[in-house]
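Morning, everyone. Let me put the model up, and then we'll walk through it.

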Amino acid sequence: MNVIFVKWGTKYSSDDVNALYNNLIEYNSTYTYHCYTDDPTNLNKNINVIWIPSYPMLKKWWNKLRMFSNEFPVIGKCMFFDIDTDIIKDPFKILEEVDFNKLTILNTHWKSDPIYDRVTNYDVKIASGVITWTAGNHTEMWNNFIINRDYFLRKYKGIDRYIVHENYDYETFPDTYVQSWKYQKEIDYEPAIMTYEEVNFERKNIK
Amino acid sequence: MKRLTLKEKILNRCLKLIEEVYDESMYGENDIYRIKDFIHSVDNNHWKSKQWLVDEFYKLYNHTDGSFYIGGGWYGLLAYLIREKWENESLNITSGDIDPRCEEFGWKLFHSSDINFMTEDMVSRDLSEYSTIMSTSCEHIEPQILEKFIKSKSSNAWIVLQTNNYDELNEHINCYPDVMSFANWIEPLLSERIYFAGTLRLGDFDRFMVIGK
């Protein structure tokens with residue numbers, strides 16, 4: 001099993017990646033942990049570094065889509081975590097239920113406002129904060145993106161919208177897997193992870 | 001009745017395209033964002049930036065004929081403004097863009113301007129036959145691709161390039177802080193020298209242009 005983080009630019013630090021890594025190895029230290037990054041300085045030495053290439057150049061979260069490139073140097077089952085994820089309980093237990101032949105992604109079940117269904121804003125009810133798949137599958141998502149990259153970058157704010165509105169198939173994790181820090185202040189279940197959805201994430205302040 | 005200005009004529013055609021895309025989104029391909037893209041492509045900032053290029057380059061080029069290649073030409077506004085300035089039919093204009101719908105809509109917007117719209121990567125063709133190659137989309141293009149583009153022109157051909165300092169957008173991957181840093185990057189790649197380097201202030205950001213050989 002490959003566990004993958006993507007760190008581009010300066011919004012998140014190597015300390016943020018190391019903190020998430022330290023949380024995750026409490027639940028499984030036998031998996032291979034990778035960080036796909038343009039700057040591996042100060043990353044924990046047990047995290048395998050995969051360099052983000054300078055071409056084609058992508059900013060921010062769009063580098064997550066490159067994990068679906070044929071050239072992404074990982075083999076086998078993969079689980080991706082956004083760096084702004086807090087681990088509440090064993091996040092790997094869910095893998096017993098996951099079909100790795102499919103792309104599985106978070107269901108943002110807390111989004112109930114009908115505005116999310118409007119065609120013109122391209123919003124979606126999924127989030128790519130956690131993704132599971134098998135490396136080498138779903139490469140059409142990258143291949144089609146890169147043919148007309150600039151248009152997709154203008155059209156969609158992020159890869160979630162690209163995945164849904166370009167009609168790629170996906171499954172979702174059970175609703176009880178995740179809690180939204182931004183939208184779910186109180187819940188009646190015990191989630192495995194907390195997602196921050198681009199809130200100004202300051203790991204130290206939240207803890 | 002008052003005759004439409006050139007700009008009004010193009011904006012009217014743009015309205016018809018918007019209607020077409022809306023209708024298509026109801027019954028065919030849902031690409032309603034294309035409407036916003038059309039509007040951006042003919043907004044005041046784009047119009048001013050491209051007219052600035054045409055006016056400055058016209059003074060330097062000093063010929064009525066030749067062949068111009070536009071890389072990343074979008075829906076063709078630059079090609080159109082060039083045609084308005086160089087009315088001589090012996091000036092050939094090719095506008096290439098990797099987005100296939102740019103060719104389709106470019107023909108519809110500027111069908112009477114004798115522009116050759118192509119769907120292609122700007123470094124995929126032999127550019128040595130052109131008397132001028134240009135791109136106003138440099139902020140969208142990686143430096144290594146831009147370098148290849150510049151180096152592919154013949155030694156006596158003109159190069160006209162624009163970028164900006166509007167770094168906030170995800171698709172803007174090659175911005176510069178000022179025109180001098182843009183010019184300094186281009187100069188070593190030229191066979192002659194830079195003939196023009198200037199800045200157009202557009203409110204929230206600046207557009208930079210370098211013309212050389």
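Predicted model: local features only at pLDDT ≥ 70, side-chain atom pairs only at ≥ 80, totals over all residues.

Residues are numbered from 1 along each chain as its sequence is written, while chains are lettered from A and ligands numbered from 1 in the order in which they are written.

Overall build. Chain B has seven helices and seven strands. Those are DSSP runs, helices being H or I with at least four residues and strands E with at least two, numbered from the N terminus. The pattern along the sequence is α-α-α-β-α-β-α-β-β-α-β-α-β-β. The radius of gyration of chain B is 17 Å, close to the 17 Å of the globule rule for 213 residues, so chain B is as compact as a globular protein of that length. That radius is taken over C-alpha atoms, and the rule is 2.2 Å times the number of residues to the power 0.38.

Now the sheet. In what order do the seven strands run? The order is β3-β2-β1-β4-β5-β7-β6 of chain B, in an open sheet with mixed pairing. Pairing needs at least two DSSP bridges between two strands. The edge strands are β3 (115–119) and β6 (194–201) of chain B, each pairing on one side only. Inside the sheet, β1 (residues 66–71) and β4 (residues 132–135) of chain B pair in the parallel sense over three bridges. There, F68(B) stands opposite T132(B) in β4(B).

Helix α5(B) packs on this sheet, touching β2 (91–97) and β3 of chain B. Its direction makes about 160° with that of β3(B).

Next, a helix pair. The axes of α1 (residues 6–27) and α5 (residues 100–109) of chain B come within 9 Å and cross at roughly 130°. Axes are lines fitted to C-alpha atoms, for helices over the stretch in contact, with angles from 0 to 180 degrees between N-to-C directions. That makes α1(B) oblique to α5(B); oblique is what remains after under 35 degrees (roughly parallel), over 145 (roughly antiparallel) and 65 to 115 (roughly perpendicular). I10(B), R13(B), C14(B) and L17(B) in α1(B) meet F105(B), K108(B) and L109(B) in α5(B).

Last, the chain contact. 14 residues of chain A are in contact with 11 residues of chain B. Contact means C-beta atoms, placed from the backbone, within 7 Å.

Definitions and conventions:
Contact = placed C-beta atoms within 7 Å.
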